[in-house]
Amino acid sequence: VTIELEPDTTRTSVDVDTAVLLLGAGVTAITHPLLYVKLLIQVGHEPLPPTVGTTMFGRRVLYLPGFFSYAQHIVKVDGKTGLFRGLSPRIASSVISTVVRGKVRQVKLYTGLKHFVFWRCIIMSVRCMAQFVGREVKYGGIFSCIIKIFKEEGVAGFYVGLMPHVLGEVLFLWCCNLLAHFINTYAVDENFTQASAVRSYTKFVMGIAVSVLTYPFMLVADLMAVNNCGLAAGLPPHSPIFKSWLHCWDHLSQKGLLFRGSSFFFRRVPVTSLPSFNE
């Protein structure tokens with residue numbers, strides 16, 4: 001009698017999930033210096049002076065230091081380990097987001113875009129909380145940071161900046177899917193031999209374009225997370241105390257800083273902050 005054994009799909013699934021989590025944690029660790037520099041730029045920390053340069057049309061402008069100059073300064077001040085400050089909450093955020101995102105994909109298949117957006121908002125709330133825990137630089141560790149925030153601000157302290165994050169995510173999903181639908185439906189000809197290939201990349205390209213437009217929401221969310229939390233970057237004179245995220249948005253808009261930190265290279269001093277050059 002021949003007995004056929006069924007393959008252990010559970011173990012394979014667990015192995016795959018573990019591999020995905022490890023891969024996500026590895027990518028998070030590798031890209032953390034980039035994100036760390038980006039966050040410092042977002043909060044307006046500019047330790048290096050700008051340099052005078054010219055555009056291709058001969059106009060004189062002030063250029064702020066790029067990523068490599070910024071990273072070299074961090075290494076000089078804090079050593080190479082300084083580039084990995086706040087890594088532990090980011091890895092925790094990556095792991096939690098990966099697990100929840102896997103559940104979201106299953107939910108999307110059965111409940112549609114409405115519930116998918118709802119679960120995306122849950123993901124952003126978790127990520128926002130983990131990002132807020134990134135204040136471990138001040139409190140000395142992720143667990144002491146959690147306790148300190150809970151004692152000082154309660155549960156709401158973990159979700160400061162959540163609203164612009166959620167609005168940015170919802171706007172991103174809506175615009176990305178709407179634009180991709182119109183392009184795939186009305187712009188891509190069915191007779192075109194590569195129509196299916198073009199459609200497969202449409203949403204990806206639209207995602208890149210829309211993310212640029214929704215960047216100010218992410219910037220405001222990050223600034224609200226550090227505003228008035230005890231860090232020097234979130235207190236006067238480095239930053240005003242914002243009453244709400246709309247107050248923060250209005251302040252950045254007046255200063256021409258709604259896209260601060262969106263670029264790592266060829267960063268210019270905002271026009272509103274430019275001194276007059278003497279010819």
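Leaving aside neighbours within four places in sequence, which residues is Trp 245 in contact with? In this predicted model, Trp 245 is in contact with Met 163, Pro 164, Leu 167, Phe 217, Val 220 and Met 224. Contact here means heavy atoms within 4.5 Å.

The model is predicted, so local features need pLDDT of at least 70 and side-chain atom pairs count only at pLDDT 80 or more, while totals for chains, interfaces and linings use all residues. Residues are numbered from 1 along each chain as its sequence is written, and side-chain values use heavy atoms, with hydrogens and water left out.

The protein has nine helices and three strands. These elements are DSSP runs numbered from the N terminus (helices: H or I, at least four residues; strands: E, at least two). Along the sequence the pattern is α-β-β-α-α-α-α-α-α-α-α-β. Of the 279 residues, 36% count as buried. Buried means under 20% relative accessible area (1.4 Å probe, protein chains only). Among contacts with a separation of 6 or more, 66% join residues 24 or more positions apart.

The largest nonpolar core has 16 residues. Such a core is a set of buried Ala, Val, Leu, Ile, Met, Phe, Trp, Tyr and Cys residues joined through side-chain atoms within 4.5 Å. Leu 219, Val 220, Leu 223, Met 224, Trp 245, Cys 248 and Leu 252 touch the most other members. Helices α8 (215–226) and α9 (245–255) each supply at least two residues of this core. Helix α8 gives the most, with eight residues. A second, separate core of ten residues includes Leu 40, Phe 67, Leu 83 and Phe 264.

Two packed helices are described by the angle between their axes and the distance between the axes. Axes are lines fitted to C-alpha atoms, for helices over the stretch in contact, and angles run from 0 to 180 degrees between N-to-C directions. Helices α8 and α9 pack at about 115 degrees, with axes 10 Å apart. Pro 216, Phe 217, Leu 219, Val 220, Leu 223 and Met 224 of α8 meet Trp 245, Cys 248, Trp 249 and Leu 252 of α9. This contact has ten nonpolar, no polar and no charged residues. Nonpolar covers Ala, Val, Leu, Ile, Met, Phe, Trp, Tyr, Cys and Pro; charged covers Asp, Glu, Lys and Arg; the others, Gly among them, are polar.

Helices α6 (residues 162–187) and α7 (residues 195–213) pack at about 140 degrees, with axes 9 Å apart. The contact includes Phe 172 and Ile 183 of α6 and Met 206 and Val 210 of α7. By class, the contact of α6 with α7 has eight nonpolar, five polar and two charged residues.

Notes
Buried < 20%, exposed > 50% of the residue type's maximum accessible area, 1.4 Å probe, protein only.
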